[in-house]
Amino acid sequence: MEWLVALAAILIGLPALAWFGQEKLIFFPQPAAGTSHLPAGTERFEVPARDGTRLAGFLIPGTSPRAPALLYFGGNAEEISWFLADRRWPPGWTRAGLNYRGYGDSAGRPGERALLDDGLAAFDALALRSNVDPRRVVVVGRSLGTGIAVHVAASRPVAGAILISPFDSLVEVGRMHYPWLPVGWLLRHRFDGMPRAAKAGVPMLAIVGDADGIIPPARSRSLFDAWAGPKTWVVVPGAGHNDLGSTPDVWAPMATFVEGLPSRP
């Protein structure tokens, strides 16, 4: 009887822990990192969310009065200023991004619905700026941020999408990492990109590491295959999930991709 009670506790307790604690397994808010590492001329990029939550990030202006722009959505444990500060972004382009709710100086708590809505708000605010060409805004997502970038690409007139370590859905990724749990029943923050990818008719660049153990290339390929628009697949040999963004094999394809994009009418 004691053995049965212990087994029942495990069978009930583990799913309960996963249900109530899943935000801590998905989102890892990072504090504000300061601004000393950002290039001169960096501006605060602040956007009010639809529910009034204050979202804060950064914008690094391009080199022309009405520059094309790259809108960045980061990973689940990322304060975006570090990636935005990298000197290898395509030259001349404005680059901007908002920290997720609870990350950096953004208020609130992260969750799927809120982050998807905030991604649209970020695009809308960026496209309205007088120094940005709204016909040439490219969304860039990394890891968790690819789920938001795909949503924006399917919902707004972006010029293109760059997806670094993309995934088809968090349900499929979760099933791989937690095969003993009924992930499909438990997961509230699903980030299902498949139906959105099928609506996205803009050019897309996918960059994956063939040694990625967090989001295996098979999960990236599933989303890639569902993408409705023109698409390019780039595999970086030997790159894992966390070191993919630091390799030159990411930045060179990004520059080539954006240089070849036509302006939207």
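**A loop residue and its surroundings**

Modeller: Apart from its neighbours within four places in sequence, A77 has contacts with F28, Q30 and Y103. The model is a predicted one. A77 lies in the loop that joins β3 (67-73) to α2 (81-84). With a relative accessible area of 42%, A77 is partly exposed, because that class lies between the limit of under 20% for buried and that of over 50% for exposed. The C-alpha atom of A77 is separated by 8.9 Å from that of I26, although the two residues are 51 residues apart along the chain.

Of its contacts with a separation of 6 or more, 73% are accounted for by residues 24 or more positions apart. The protein contains nine helices and eight strands, and 53% of its 265 residues are buried. Its accessible surface comes to about 11900 Å², with 60% of this belonging to carbon and sulfur atoms.

The phi angle of S143 is positive, near 55 degrees, in a residue other than glycine. F191 belongs to the loop between α6 (183-186) and α7 (194-197). F191 is buried, its relative accessible area being 1%, and its phi is also positive, near 45 degrees.

The buried residues of α4 are L144, G145, T146, G147, I148, A149, V150, H151, V152 and A153.

Helix α4 (residues 144-155) also meets helix α3 (residues 112-127): their axes come within 9 Å and cross at roughly 55 degrees. The angle therefore makes α3 oblique to α4. The crossing of the two helices, α3 and α4, is right-handed. On the side of α3, the contact is made by R113, L115, L116, G119, L120 and F123, and on the side of α4 by G147, I148, H151, V152 and S155. Classified by type, the residues in this contact of α3 with α4 are six nonpolar, four polar and one charged.

Conventions:
Residues numbered from 1 in each chain as written. Predicted model: local features only at pLDDT ≥ 70, side-chain atom pairs only at ≥ 80, totals over all residues. Heavy atoms only, no water. Axes fitted to C-alpha atoms, helices over the stretch in contact; angles between N-to-C directions. Helix = DSSP H or I, 4+ residues; strand = E, 2+ residues; numbered from the N terminus. Parallel < 35°, antiparallel > 145°, perpendicular 65-115°, else oblique. Left-handed = near helix turned anticlockwise from the far one by under 90°. Contact = heavy atoms within 4.5 Å. Nonpolar A, V, L, I, M, F, W, Y, C, P; charged D, E, K, R; others polar. Buried < 20%, exposed > 50% of the residue type's maximum accessible area, 1.4 Å probe, protein only. Areas by Shrake-Rupley, 256 points an atom, 1.4 Å probe, with all protein chains shown as cover.
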